Amino acid sequence: MRLRRLTIQAPATTAGYYAEIEASTTTLAGLLATRGATLAVPACPGWSLGDLTAHLGRVHRWAAGIVTGRPTGATSGSAAVASPAADDPGLGSWLTSGAAGVIAAIRAAGDEPAWAFGGQRPASFWARRMSHESMVHRADAELAAGQEPVLAPDLAADAIDEWLRITAWRRGDTDPRADALPAGAALHVHARPGAKDRGSGEWLVSHEPAGVTIQTSHAKADVAISGPADRLLLVLLRRLPPDDPAVTVHGDRGLLDRWLARTPF
């Protein structure tokens, strides 16, 4: 397989990550206030808008605790963080205060090492992770409210890169992508440039004898999926179907369906 190395657009700045956390949580809190806590969120089966809001608030506080506490190993998950009830009238303000808290914690820590999914990374890692988490769950709320999510192309492409890599962190030493992608198979993901050439990138996911690898490369694969970064991200995270009009699929559609079914967000 001949590869052509590509240059992926530089990810958003840390300041951009902070801005997305603030903007997305403000939008989510506003939807909670106007649409109500009981609104069902189809992207998160079984959850209401109140449940979604409480979840994101717990995740922010969990990440802030990691950044400030600097544990050297895995911690209890975000579900262990206390939160108001899903129908608590103060839930929206609790969400936005948690967003401000995690931003403040990351700013204070800078690039000091902090635990991050099996290893020590600069604390600023959590700015990226919380930005994408907030952006996607904001999109979940907007879709539930019948609105069309608008995602910044550069952040969406950055989130695709993170997601294709983060799936390997979900089961300890076992890479779940090895189950999602059969041995010898390859998936090509192409985020086409948006306005002003923002939000572009290409990734090759291949299951080789040594395991699953992610390369920022263009190459022939068993199945290829392409589209604008924002729509492509929502398809990869199963928020939109692969037959979304803005997205194109070439090759083995069954292989793509298998990948999507076995890599839940």
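Biologist: Thanks! What makes Arg262 partly exposed?

Modeller: Arg262 has a relative accessible area of 35%. Buried means under 20% relative accessible area and exposed means over 50%, with partly exposed in between (1.4 Å probe, protein chains only), so Arg262 is partly exposed. A word on the source: this is a predicted model, in which local features need pLDDT of at least 70, side-chain atom pairs count only at pLDDT 80 or more, and totals for chains, interfaces and linings use all residues. Residues are numbered from 1 along each chain as its sequence is written, and side-chain values use heavy atoms, with hydrogens and water left out.

Biologist: Why are Arg262 and Asp179 called a salt bridge?

Modeller: The term asks for a side-chain nitrogen of Lys or Arg within 4 Å of a carboxyl oxygen of Asp or Glu. Between Arg262 and Asp179 the N to O distance is 3.1 Å, so the pair is a salt bridge. Arg262 lies in the segment after α8 and Asp179 in helix α6 (residues 177-180), so the pair ties together parts that are 83 residues apart in sequence. Helices here are DSSP runs (H or I, at least four residues), as are strands (E, at least two), numbered from the N terminus.

Biologist: How many salt bridges does this rule give?

Modeller: The count comes to 12. Another of them joins Asp244 and Arg231, at 2.7 Å from N to O. Asp244 is in the loop between α7 (229-236) and β9 (248-251), whereas Arg231 is in helix α7, so this pair links parts 13 residues apart in sequence.

Biologist: Are Asp244 and Arg231 buried or exposed?

Modeller: Asp244 has 7% relative accessibility and counts as buried. Arg231 has 16% and counts as buried too.

Biologist: What separates Asp161 and Arg165 along their helix?

Modeller: About one helical turn, because Asp161 and Arg165 are four residues apart in helix α5 (residues 153-166). Their side chains meet in a salt bridge of 3.1 Å, N to O.

Biologist: Let's turn to the rings. Why is the pair of Phe117 and Trp126 called tilted?

Modeller: Rings of Phe, Tyr and Trp (its six-membered ring) pair if their centres lie within 6.5 Å; planes under 30 degrees apart count as stacked, over 60 as edge-to-face and the rest as tilted. Phe117 and Trp126 have ring centres 5.5 Å apart and planes at 35°, so the pair is tilted. Trp126 is buried, at 0% relative accessible area, while Phe117 is partly exposed at 24%.

Biologist: How do you know that the buried residues of α8 are on the same side?

Modeller: The buried residues of helix α8 (residues 253-261) are Leu255, Leu256, Trp259 and Leu260. They cover an arc of only 135° around the axis, which puts them on the same side of α8. That arc is taken from the directions from the helix axis to the C-beta atoms.

Biologist: Finally, which side chain makes a polar contact with that of His137?

Modeller: The side chain of Asp140, at 2.9 Å. A polar contact is a pair of N or O atoms within 3.5 Å; within protein, one must be able to donate a hydrogen and the other to accept it, and residues adjacent in sequence count only if both atoms are side-chain atoms. His137 is in helix α4 (residues 125-144) and counts as buried at 3% relative accessibility.
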